[in-house]
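Trainee: Could you show me how to read a few features of a protein model, taking one feature at a time?

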Amino acid sequence: MLWSGWGDPAKAAELPSPVRRLLADLLGVQAPALPAATFGEVRLPAPALSPLVLSALSSAVGGEHVRLDDDARIRHTRGKSTPDLLRMRAGDGSDAPDAVVLPGSHAEVAEALRVCAEHRVAVVPFGGGTSVVGGLIAARKGFAGVVALDTARLNRLVSIDTESMVAELEPGLRAPQAEQLLAAHGFTLGHFPQSFEYATLGGYAAARSSGQASAGYGRFDDMVVGMTVATPQGTLDLGRAPKSAAGPDLRQVILGSEGAFGVITSLRLRVRPAPAVRVYEGWRFATFSAGAAALRRVAQEGPAPTVLRLSDETETMVGLARPEELGALASEPGCQVIAGYEGTAADVAYRRERTAATLSEMGGVPLGSEPGEKWAHGRYSAPYLRDSLLAAGATVETLETACFWSGVPRLYEAVRQALTASLGSPLVMCHVSHVYATGASLYFTVVTAQSDDPVGQWESAKRAVNDAIGLAGGTISHHHGVGRDHLQAYALEIGDLGVSMLRGVKERLDPAGILNPGVLIP
Ligand SMILES: Cc1cc2nc3c(=O)[nH]c(=O)nc-3n(C[C@H](O)[C@H](O)[C@H](O)COP(=O)(O)OP(=O)(O)OC[C@H]3O[C@@H](n4cnc5c(N)ncnc54)[C@H](O)[C@@H]3O)c2cc1C
């Protein structure tokens with residue numbers, strides 16, 4: 001993973017020159033005044049941990065698994081939001097941990113937490129490091145130092161119950177590794193977020209992730225049937241049955257807890273048979289509202305496709321145009337839907353036929369398999385383009401929300417207006433990314449020219465959007481989580497009593513407050 005960008009450097013995407021010209025003409029993008037910092041230029045805080053703490057941590061996890069080198073510290077600094085990347089590109093390593101600790105078992109995690117609680121060292125659980133909400137930045141004030149607790153060594157398929165279709169997997173498994181291990185038994189998780197190449201199972205659970213195939217396989221929190229969690233106060237072992245009436249479901253308290261309540265050391269996950277057939281195809285609707293009405297009918301009447309997403313007019317236009325055609329943004333391609341089906345041949349044929357009938361009845365025009373295959377082929381490539389856009393002087397960032405169907409038009413307009421009012425004339429694209437019988441998630445991508453202070457510029461736009469989402473009745477996050485960036489909006493969403501409930505749980509599980517301080521708990 002690039003330390004100041006996304007993914008495998010070998011897959012870096014160059015911006016075609018027509019795109020550069022378009023950015024300059026349409027958005028006024030100019031090359032940044034300063035070149036990006038090199039690795040050696042990143043400014044790190046002086047390491048703060050005492051020899052006593054380092055020795056105790058070494059005893060807990062083994063000396064070779066406590067890393068103090070600049071490489072480890074820089075690679076565990078913040079996550080992968082655009083402000084995170086802009087700060088790294090500016091050489092700002094001020095949020096770097098003092099040490100990176102890599103435990104190899106539940107017992108080692110528990111012992112590392114005990115040591116950190118005893119010495120008041122803040123702990124940031126670190127999976128793939130792909131958080132986009134500031135979920136990996138610990139508050140330093142009042143702590144003797146900060147440790148990133150990297151779960152990379154917790155990477156085993158522990159067991160698989162083929163009869164129940166439940167697999168126990170460790171949290172540090174990256175998604176491709178997990179899929180490979182399950183494929184050997186004929187299963188899949190079916191969780192394919194855009195961060196698939198790098199994110200981990202623990203991060204998915206801790207941030208309530210949702211993948212591109214959520215219409216068929218469900219969100220990640222739907223897949224979790226059990227878990228083991230190490231907290232500074234002891235171990236939680238949750239989940240004896242798929243559903244239970246034994247009181248409130250404590251699994252739900254840990255899902256989305258973003259490392260603030262404990263470290264997930266094992267997950268029992270519902271798995272599905274690996275699909276024999278995969279079909280992705282495109283549809284066109286005249287307008288976004290016509291497309292949304294069609295998706296709503298499909299979601300409410302079923303059967304559900306595996307993938308179902310609808311791009312608005314702008315996203316469709318940008319997605320369809322070849323670079324040399326981008327200047328002609330006036331053409332009206334309508335709004336594109338991608339519908340995908342994975343399963344047995346008979347199941348795919350049935351769901352495809354029924355969905356096609358509904359989409360046609362609602363005014364959709366079939367575009368065949370080409371748009372679907374193009375989407376499937378490029379589904380993980382957009383983050384690579386972000387690096388090139390940042391280097392060219394454009395800020396590109398994404399944000400997401402969700403609401404009930406009746407609120408979708410208002411929420412869509414509110415977010416667009418907030419972005420436009422704050423950023424001047426940005427390019428704002430949106431798609432309906434996840435659908436339910438009762439509502440949907442809206443996912444926005446914004447491109448704008450960088451100001452002299454691009455981080456401040458984005459932070460003020462983000463504040464405006466957070467306010468707009470709250471006023472329009474949306475949730476502050478459908479699948480990215482709270483982190484630091486959504487703290488204030490989250491507090492408004494759950495109210496004072498909700499905040500005090502969270503604080504009560506935190507106080508019970510982590511009385512010293514060492515776990516991810518500053519994240520999640522308003
Ligand atoms: C380019 C890009 C595309 C993305 N696309 C999607 C998408 O399609 N869908 C989606 O849902 N999200 C997406 N995300 C967001 C991100 O990938 C998810 O939030 C993911 O769940 C984070 O997983 P991770 O392993 O990287 O966790 P990290 O970023 O390492 O951690 C996320 C949070 O969980 C905590 N944590 C991590 N592991 C544990 C553990 N074992 N126990 C307790 N707490 C833990 C961390 O402290 C942090 O607060 C995207 C991000 C990027 C950069």
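Predicted model: local features only at pLDDT ≥ 70, side-chain atom pairs only at ≥ 80, totals over all residues.

Trainee: Which residues touch the most other members of the largest nonpolar core?

Mentor: The general idea is that in soluble globular proteins, nonpolar side chains tend to be buried together. Here the largest nonpolar core has 89 residues, and those that touch the most other members are L201, F220, L267, L419 and L442. Helix α16, residues 408-423, gives the most to this core, with eight residues. Apart from this core lies another one of 30 residues, which includes A99, V109, L113 and F143.

Trainee: What does L267 touch, leaving aside residues up to four places away in sequence?

Mentor: Among the residues that L267 touches are A167, L169, L201, F220, V224 and M227, and the list also includes E168 and G202.

Trainee: What is the volume of the second largest pocket, and which residues are closest to its centre?

Mentor: Rolling a probe the size of a water molecule over the atoms shows where empty space is left. In this model the second largest pocket has a volume of about 680 Å³, and of the 33 residues that line it, R208, T475, S477, Y490 and E493 are the closest to its centre. The largest share of the lining, seven residues, comes from α18, while α10, β16 and β18 each supply at least two residues. By type, the lining divides into 17 nonpolar, twelve polar and four charged residues.

Trainee: How many disulfides does a search of the whole structure find?

Mentor: A disulfide is a covalent bond between the sulfur atoms of two cysteines. The search of the whole structure finds zero disulfides.

Trainee: Is helix α4 mostly covered or mostly open, and what lies over its buried residues?

Mentor: An α-helix has 3.6 residues a turn, so residues three or four places apart point the same way. In α4, residues 82-89, seven of the eight residues are buried, and the helix is therefore mostly covered. The buried residues are T82, P83, D84, L85, L86, M88 and R89, and what covers them includes α3, α15, β16 and α17. After α4 comes G91, whose phi is positive, near 80°.

Definitions and conventions
Residues numbered from 1 in each chain as written. Heavy atoms only, no water. Core = buried A, V, L, I, M, F, W, Y, C linked by side-chain atoms within 4.5 Å. Buried < 20%, exposed > 50% of the residue type's maximum accessible area, 1.4 Å probe, protein only. Helix = DSSP H or I, 4+ residues; strand = E, 2+ residues; numbered from the N terminus. Contact = heavy atoms within 4.5 Å. 1 Å grid on protein atoms, 1.4 Å probe; cavity = no way out; pocket = protein on both sides within 12 Å on 5 of 7 lines; lining within 4 Å. Points joined across faces, edges and corners; volume = space filled by probe spheres on them. Nonpolar A, V, L, I, M, F, W, Y, C, P; charged D, E, K, R; others polar. Disulfide = S-S within 2.5 Å.
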